[in-house]
Amino acid sequence: MQAGPDTVVRFHYTLRDEAGDELETSRGGDPTAYLHGANNVIPGLEEAMAGKTAGDVFTATLPPEKAYGERDPQRQQRVPIKHLIFKGKLRAGQVVQLNTSEGARAVSVIKAGRHSADIDTNHPLAGKTLSFDVEIVEVRAATTEELSHGHAHGSGGHQH
Ligand code: ZN
């Protein structure tokens, strides 16, 4: 079966930046699963997946506009530290979670003060060209339940 609309794809990946440094990997754990066509993964990765089958190995190199978008220098703000979720001491350069009305989201710390912090709310990977080394583990038909939820279930997918 080929990856496409209404399929669930399970895959291993290693994400690297332009310098080739590893940012994230699924290897050593369970493969990740996503529902194709449901905005579960970034657009460029989904495009690269289309038509692939189990056993396929490839590298997808994605410019920012196909990944997490361009970095917007306007998206900086000062917030009370109590709105941030982090462990240990807050430091510049750290990626932490910001509590928002739409749930927690990753932000980067520009400057940490005693009661407030200057943060950059761009996605930490915005503005970067990313490359994904991908190995497709399985492609299967999505279940009716997965299609109605808009995400994959089971190993590597959404756990309820
Ligand atoms: Zn679900």
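The donors of the zinc ion are spaced H-x1-H-x1-H-x6-H along the chain. The model is predicted.

**The zinc site**

Four histidines hold the zinc ion: H149, H151, H153 and H160, at 2.0 Å. What makes the arrangement around the zinc ion tetrahedral? The angles subtended by the four donor atoms run from 100 to 124 degrees, so the arrangement is tetrahedral. Four donors count as tetrahedral when all angles lie between 85 and 135 degrees.

H160, at 70% relative accessibility, counts as exposed. The cut-offs behind these labels are under 20% for buried and over 50% for exposed.

**The fold as a whole**

Two helices and ten strands make up the elements of the protein. From the N terminus on, their order is β-β-β-α-β-β-β-β-β-β-β-α. The C-alpha trace spans about 55 × 35 × 30 Å along its principal axes. The protein has 160 residues, and 38% of them are buried. Take the contacts between residues at least 6 apart in sequence: 61% of these join residues at least 24 apart.

The accessible surface comes to about 9,100 Å². Carbon and sulfur atoms account for 47% of that surface. As for charge, there are 17 positive and 21 negative side chains. The centres of the two sets lie 12 Å apart.

**Selected residues in strands and helices**

R10 sits in strand 1, which covers residues 7-16. What does R10 touch, beyond residues up to four places away in sequence? Its partners are P31, T32, A33, E135, I136, V137, E138 and S155. R10 is buried because its relative accessible area is 18%.

S108 belongs to strand 8, residues 103-112. With a relative accessible area of 15%, S108 is buried too. Neighbours within four places aside, S108 is in contact with Q94, V95, D118, I119, D120 and P124.

E145 is part of helix 2, residues 144-149. E145 is partly exposed, its relative accessible area being 46%. Between E145 and A60 the C-alpha to C-alpha distance is 30 Å, and the two are 85 residues apart in sequence.

Two non-glycine residues with positive phi are worth a look. D6 has phi near 65 degrees. D6 lies in the segment before strand 1. N39 has phi of about 60 degrees. N39 lies in the loop between strand 3 (32-35) and helix 1 (43-49). Is N39 buried or exposed? N39 is exposed, because its relative accessible area is 71%. D6, at 44% relative accessibility, counts as partly exposed.

**Accessibility at a glance**

| Residue | Relative accessible area | Class |
|---|---|---|
| S108 | 15% | buried |
| R10 | 18% | buried |
| D6 | 44% | partly exposed |
| E145 | 46% | partly exposed |
| H160 | 70% | exposed |
| N39 | 71% | exposed |

How values were computed:
Residues numbered from 1 in each chain as written. Predicted model: local features only at pLDDT ≥ 70, side-chain atom pairs only at ≥ 80, totals over all residues. Heavy atoms only, no water. Donors = N, O, S within 2.8 Å, 3.2 Å for Na, K, Ca; no water. Tetrahedral: all angles 85-135°; square planar, octahedral: opposite > 155°, others 65-115°. Buried < 20%, exposed > 50% of the residue type's maximum accessible area, 1.4 Å probe, protein only. Helix = DSSP H or I, 4+ residues; strand = E, 2+ residues; numbered from the N terminus. Contact = heavy atoms within 4.5 Å. Areas by Shrake-Rupley, 256 points an atom, 1.4 Å probe, with all protein chains shown as cover. Lys, Arg positive; Asp, Glu negative; His and termini not counted. Charge placed at Lys NZ, Arg CZ, Asp CG, Glu CD.
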